[in-house]
Amino acid sequence: MTGTKREIELKLELAPDALKRLKTAPAPAGFSVERARTQVLRSIYFDTPAQALRKAKWSLRVRKVGADWIQTVKAGTGVRGGLSTPKESEAQVDAPVPDLTRIHDAELRSGLWELLEGAPLSAVFETEMRRTTRIFRAEPDTVIELALDAGDVRTLEKIRPLQEAEFELVEGPVEDLFRLARDLPGTATARFSPASKAQRGYALLAGEDIAAAPRLARAVKLSP
């Protein structure tokens, strides 16, 4: 599915044993779960030579999904307490390179052109993930997509492994997002992710480490 939306996503870092457990963990009380599906996703991230997108907390990637290439532009890509809420727009493109004319959201399209200021775009890093997706539901209308990723982040010279869970709120209250993440068997040792995949790619490119984040088991207070 392509289009524009405000993404609400909780990212957790996982140990390999926890990732394996989450692939088959039963739905906690109050939730049901659909059958899991698994696919390999290759994503190529682009930026200008001066990294204008990174500095503005934007990202631009082209991802291979099956036989298709899907372009995604995101604005507001920071992660706080594991929670990420960027505005994003997706569109299918014809090749593994960006096509800015395919950005249907006028605000994101014009904002990106302003950031680029005519500078060329080039690939800066890639991710390749084996993703298992599970859909959880709760009454009356909550839908949460759990993506379990195992793979690595790559530059031309470096590779860094990553095991991560992404809980995306498709519909429903954000409290259900944290309730599922807290109650799902396998998350007891998980940590809130301090960075998006784009931020991890830039850190690897710069030779920087990502600081450890607090564990999910800590109490979480949500403001209205």
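Trainee: By class, how many nonpolar, polar and charged residues does the lining of the largest cavity have?

Mentor: This is a predicted model, in which local features need pLDDT of at least 70, side-chain atom pairs count only at pLDDT 80 or more, and totals for chains, interfaces and linings use all residues. Residues are numbered from 1 along each chain as its sequence is written, and side-chain values use heavy atoms, with hydrogens and water left out. On a 1 Å grid over the protein atoms alone, a cavity is a set of points where a 1.4 Å probe fits but cannot get out, and lining residues have an atom within 4 Å of a point. Ala, Val, Leu, Ile, Met, Phe, Trp, Tyr, Cys and Pro count as nonpolar, Asp, Glu, Lys and Arg as charged, and the others, Gly among them, as polar; the lining, made up of V153, R160, P161, L162 and R200, thus has three nonpolar, no polar and two charged residues.

Trainee: Which element gives the most to the lining of the largest cavity?

Mentor: The cavity holds about 40 Å³ of space, a volume being the space filled by probe spheres set on grid points joined across faces, edges and corners. Strands (E, at least two residues) and helices (H or I, at least four) are DSSP runs numbered from the N terminus. With three residues, the element that gives the most is β11.

Trainee: Which element gives the most to the lining of the second largest pocket?

Mentor: A pocket is an open set of points with protein on both sides within 12 Å along at least five of seven lines. Two elements give two or more residues, α2 (52-55) and α5 (197-206). The most, six residues, comes from α5.

Trainee: How many of the residues of α5 are buried?

Mentor: Buried means under 20% relative accessible area, exposed over 50% and partly exposed in between, with a 1.4 Å probe and protein chains only. The buried residues are K197, A198, R200, G201, Y202, A203 and L204. Of the 10 residues of α5, the number buried is seven.

Trainee: Why does E9 count as buried?

Mentor: E9 lies in strand β2 and is in contact (heavy atoms within 4.5 Å) with residues including G82, F167 and L177. E9 counts as buried because its relative accessibility is 3%.

Key:
Lists of a residue's contacts leave out its neighbours within four places in sequence.
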